[in-house]
Amino acid sequence: MEIAKGVYYVGVRDWDRRIFDALIPLPRGTSYNSYLIIGSDGKTLIDAVNPGFEKELEKNISSVVEPEEIDFIIMNHAEPDHAGAIPYMMEVAPRAKLVTSKIGKKMAQIFYRVPEGRIRVVADNESISLGDKTLHFIEAPMLHWPETMFTYLVEDGILFSCDFFGAHLPGAVYSDEIEDVLVHAKKYWAEIMMPFRSMAKKALEKIAGLDVKVIAPSHGPVYRKPESILNSYKSWASGETRPKVTVVYVSMWGSTESMIKYMVGTLASEGIELAVHNLAVADLGELAKDLVDSRAIVLGSPTFLGGAHPLAVYAAYILKVLRPPIMYAVILSSYGWGGGAVKQIQRMLSGYRIELVGTLEVNGPLTRNDVERITELGKALAEKIQNVRER
Ligand code: FEO
């Protein structure tokens, strides 16, 4: 597939993959995108693919050029889903140099045993000429590994951004052919990029001066109209939130669930948007996506052997490591014969910049007094959310 004159999509689609990092659900699978650039004076492969797909990549390349004619293999990122095929490609393209950042060089040597003599390190803003096409390299560290960089094809205005702007969507080459592309891009942002918002902001500032006509990431579709994804990334990177609450809970005998129901009812009647996830059946990708622009979180957990339920511990940990721009929290808990869940969740969230609006721990089924307290807490949370000044 030629996405611009002399620029070919040669990536592979992994329809059957259902989990990433043994953690992230992939309801539609994913793609490992590679691109081939044919310049008048050099042929370049941008990113390789996941282990197991080497032959498919080679076959795709062969439909355009003989793989041994490749001069440069660009490693924008060393993670195996984009670099796993590098050892194979270095063999089938014996004259090719691996082009990567300084930190990337070390990773290529350690992970892929690429000999030093076959690596060309590029600095920030360095370029390589392919004759009628120019590759310009932009360091974009910690998006989401320290070696990550972008490659910009100057003459065609194509930004090869690897994971940045990615989505786990194997279904179409172009984003405008997918109706819910931004939903999936938002999930991807939440799972991979959200912990690095400040670095994302810097990278967006760096590319703001470029004439980006097309964004070609290494997962999911190519954006030939990049405004929508650029604007979304600007909003997500700056931590813009909405009057929205993500509610996550787990309940063993129904008391915590009752507390959540009263809380949700109060927030809804105050006009607050809600995303509710029962942790016993929740999809982590959906939950992470909802955290991207939520202003507050309500965490509900029963007490389980003197602490929070393990699923609530998991949720609190995910919250802390994904670092969404959440500003307020409420913790609700019930217990049968001994409390402790609220204290444990509070401890886990310590050090995270979040205002705890209130907590409530009840013993057994709810009383009228408990319901009143939940309603008051809900109203207090709604007021905070509605009167917030963005950070
Ligand atoms: Fe898609 Fe960080 O690899």
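Trainee: Which residue stands opposite Tyr 152 in strand 15?

Mentor: Leu 159 does. Keep in mind that this is a predicted model.

Trainee: What makes strand 14 and strand 15 a pair?

Mentor: Two strands pair if there are at least two bridges between them. Strand 14 and strand 15 have three bridges, in the antiparallel sense. So they pass the cut-off of at least two.

Trainee: Which sheet do they belong to, and in what order do its strands run?

Mentor: An open sheet of five strands, ordered 12-13-14-15-16, with mixed pairing.

Trainee: Why are strand 12 and strand 16 called edges?

Mentor: Each has a single partner strand, so one side of each lacks a neighbour in the sheet. On average, neighbouring strands here are turned by 20° against each other, direction ignored.

Trainee: Which helix lies across this sheet's strand 13, strand 14 and strand 15?

Mentor: Helix 6, residues 197–208. Helix 6 runs at about 150° to strand 13.

Trainee: How many strands form the other open sheet, the one with the order 1-2-7-8-9-10-11?

Mentor: Seven, and the pairing is mixed. Strand 1 (2–4) and strand 11 (119–121) each have a single partner strand, so they stand at the edges, with one side of each left without a neighbour in the sheet. The twist averages 25° from one strand to the next.

Trainee: How do you know that strand 7 and strand 8 pair?

Mentor: Count the bridges. Strand 7 (residues 35–39) and strand 8 (residues 42–46) share five, in the antiparallel sense. The rule asks for at least two, so they pair. Within this pair of strands, Ile 38 stands opposite Lys 43 in strand 8.

Trainee: What packs on that sheet, touching strand 10 and strand 11?

Mentor: Helix 4, residues 102–112. Its direction makes about 160° with that of strand 11.

Trainee: Now charges. Why is the contact of Asp 156 and Lys 133 called a salt bridge?

Mentor: The cut-off is a side-chain nitrogen of Lys or Arg within 4 Å of a carboxyl oxygen of Asp or Glu. Here N to O is 2.9 Å, so the pair qualifies. The two residues are 23 apart in the chain. Asp 156 lies in the loop between strand 14 (149–153) and strand 15 (158–162). Lys 133 lies in the loop between strand 12 (127–129) and strand 13 (134–139).

Trainee: Why does Asp 156 count as buried?

Mentor: Buried means under 20% relative accessible area. Asp 156 has 19%, so it counts as buried. Lys 133 is buried as well, with 7%.

Trainee: What do Arg 224 and Asp 176 tie together?

Mentor: Their side chains meet in a salt bridge, 2.7 Å from N to O. Arg 224 lies in the loop between strand 16 (214–217) and helix 7 (227–237), and Asp 176 in the loop between strand 15 and helix 5 (181–193), so the pair ties together parts 48 residues apart in sequence.

Trainee: Are those two buried or partly exposed?

Mentor: Partly exposed. Arg 224 has 37% relative accessibility. Asp 176 has 38%. The class runs between 20% and 50%, so both belong there.

Trainee: What makes Lys 213 and Asp 211 a salt bridge?

Mentor: Their closest N and O atoms are 3.0 Å apart. The limit is 4 Å, so the pair counts. Lys 213 is partly exposed at 42%, and Asp 211 is partly exposed at 47%.

Trainee: How many salt bridges does this rule give?

Mentor: The count comes to 19. Salt bridges with shared partners join Lys 186, Lys 187, Arg 242, Lys 244, Glu 273, Glu 286, Lys 289, Asp 290 and Asp 293 into one network.

Trainee: Which residues make the nonpolar surface patch of about 550 Å²?

Mentor: Met 252, Trp 253, Phe 304 and Leu 305.

Trainee: What share of the chain's residues count as buried?

Mentor: Of 391 residues, 58%.

Note on methods
Residues are numbered from 1 along each chain as its sequence is written. This is a predicted model: local features need pLDDT of at least 70, side-chain atom pairs count only at pLDDT 80 or more; totals for chains, interfaces and linings use all residues. Side-chain values use heavy atoms; hydrogens and water are left out. Patches are made of residues with over 30% relative accessible area and no salt bridge: like charges are joined within 9 Å, nonpolar side chains (Val, Leu, Ile, Met, Phe, Trp, Tyr) within 5 Å. Accessible areas come from the Shrake-Rupley method with a 1.4 Å probe; for residues, only the protein chains shown count as cover. Helices (H or I, at least four residues) and strands (E, at least two) are DSSP runs, numbered from the N terminus. Buried means under 20% relative accessible area, exposed over 50%, partly exposed in between (1.4 Å probe, protein chains only). Axes are lines fitted to C-alpha atoms, for helices over the stretch in contact, and angles run from 0 to 180 degrees between N-to-C directions. Contact means heavy atoms within 4.5 Å.
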